[in-house]
Amino acid sequence: MALEHANDANFESFIGTGITLVDFWASWCGPCRMFGPIFESASDKLTDVKFVKFEIDETNRRTPAKYGIRSIPSVLAFRNGELIEARTGLMDEETLTQWVNELKG
């Protein structure tokens, strides 16, 4: 499944069904820029999971506040709209893939 982009207005529509990983990031964040290609590569390989990017900026503050995002990059995992796990910080692709496989059970 292709990488998708969410914002405050459409966020809920992305997390409603299945497993969805959401990468909260910002363009000014160095670790976020390093993690972006890893997240995108994983989205190309793990096609049974939705991968969504959410850029934290002046117009998108409601969703990060709702989920207590205090540090980026942060990746939140949802199953059928419910938050099931969160991880903060840079991950390599192997770690990300292993985590996704654990989430799929």
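**Chat about a predicted chain**

Modeller: Among contacts between residues at least 6 apart in sequence, 71% join residues at least 24 apart. Keep in mind that this is a predicted model.

Colleague: What elements does the chain have, and how many?

Modeller: The chain has 4 helices and 5 strands. Starting at the N terminus, their order is β-α-β-α-β-α-β-β-α.

Colleague: What share of the residues counts as buried?

Modeller: Of the 105 residues, 42% count as buried. As for the surface, the accessible area comes to about 5600 Å², and 51% of that belongs to carbon and sulfur atoms.

Colleague: Pick one residue. Where is Asp23?

Modeller: Asp23 is in strand β2, which covers residues 19–25.

Colleague: Buried or exposed?

Modeller: Asp23 is buried, because its relative accessible area is 0%, and buried means under 20%.

Colleague: And what is Asp23 in contact with, leaving aside neighbours within four places in sequence?

Modeller: Its contacts include Phe35, Phe39 and Phe54. Val52, Lys53, Pro73, Ser74 and Val75 are also in contact with Asp23.

Colleague: Pro73 is in that list. Where is Pro73 found?

Modeller: Pro73 is in the loop between α3 (62–66) and β4. The peptide bond from Ile72 to Pro73 is cis, with omega near 0°. In general, most peptide bonds are trans.

Colleague: Moving on to β4. How does β4 run relative to β5?

Modeller: Strand β4 (residues 74–79) and strand β5 (residues 82–88) run antiparallel, joined by 6 bridges. Phe78 stands opposite Leu83 in β5.

Colleague: How many residues lie between β4 and β5?

Modeller: There are 2 residues between them, and the two strands form a hairpin. Asn80 is in that turn.

Colleague: What is phi of Asn80?

Modeller: Phi of Asn80 is near 50°, a positive value in a residue other than glycine. Most residues other than glycine have a negative phi.

Terms used: Residues numbered from 1 in each chain as written. Predicted model: local features only at pLDDT ≥ 70, side-chain atom pairs only at ≥ 80, totals over all residues. Heavy atoms only, no water. Pairing = 2+ DSSP bridges. Buried < 20%, exposed > 50% of the residue type's maximum accessible area, 1.4 Å probe, protein only. Contact = heavy atoms within 4.5 Å. Areas by Shrake-Rupley, 256 points an atom, 1.4 Å probe, with all protein chains shown as cover.
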